[in-house]
Amino acid sequence: MKEVIPVVVLNDKNDTLSILSALREGGINCAEITFRTACAREAIEIAVKAFPDMNIGAGTVINREQAESAVKAGAKFIVSPGFSDEVAEFCIANGVTYYPGCVTPTEIMRALSYGLTIIKFFPAGVFGGLKALKALSAPFPQVKFIPTGGVDLSNLKEFLDFDKVYAVGGSFMMKGDVVANCKEIKRICEL
């Protein structure tokens, strides 16, 4: 079954439990906690300890140092906005799933050279959305995509219905003041 991978930006590690609880109550069993904030590593540690059965990963990982930090904190997967050789090499050497961001045939070929067949397509909305995924799927039938950026409730179903989509990533369920709005997170997840 395909899933939605929430892109979670935490500015305060103390928000981790309430936000992940809302995701779980809404039926989502994974989260990509981004390395855009200073508390990302601590938030991952909290999440992994509190929700050991959830698939907790690190997003916006742009170098090996961040990848190492995330994995030490317990991240089960790593997501990058682009392709990083050093992150790919670290993840492969340590048996950690890596979803690099790729939008061009050249980037996809680079991912394939590392044996990576599931890639993040980011930002999907800017780079042609579903139409682009369908075009890229022809020369790369072995690749599955995680479209992120430009995915929301208005187009979620059409992305999930495409057989080359592995999962869909997005922050659309995390909009607004998420701490005060955990009920809204749960409601959106249930849609």
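A disulfide is a pair of cysteine sulfur atoms within 2.5 Å. The model on display is predicted, so local features need pLDDT of at least 70 and side-chain atom pairs count only at pLDDT 80 or more, while totals for chains, interfaces and linings use all residues. Residues are numbered from 1 along each chain as its sequence is written, and side-chain values use heavy atoms, with hydrogens and water left out.

**The cysteines**

A search of the whole structure for disulfides finds zero. Select Cys91, which is in no disulfide; the nearest cysteine sulfur, that of Cys102, is 13 Å away. Cys91 counts as buried because its relative accessibility is 0%. Buried means under 20% relative accessible area, exposed over 50%, and partly exposed in between, with a 1.4 Å probe and protein chains only. Select Cys39 next: this residue is also buried, because its relative accessibility is 8%.

Now select residues 3–8, which form strand β1. Helices (H or I, at least four residues) and strands (E, at least two) are DSSP runs, numbered from the N terminus. Five of the six residues of β1 are buried, so the strand is largely enclosed by the rest of the structure.

Val8 has Ile33 in β2 as its bridge partner. Finally, follow the chain from β1 through helix α1, residues 16–25, to β2: this β-α-β crossover is right-handed. That is, with the strands pointing away from the viewer, the path from the first strand over the helix to the second runs clockwise.

Note on methods. Two strands pair if DSSP finds at least two bridges between them.
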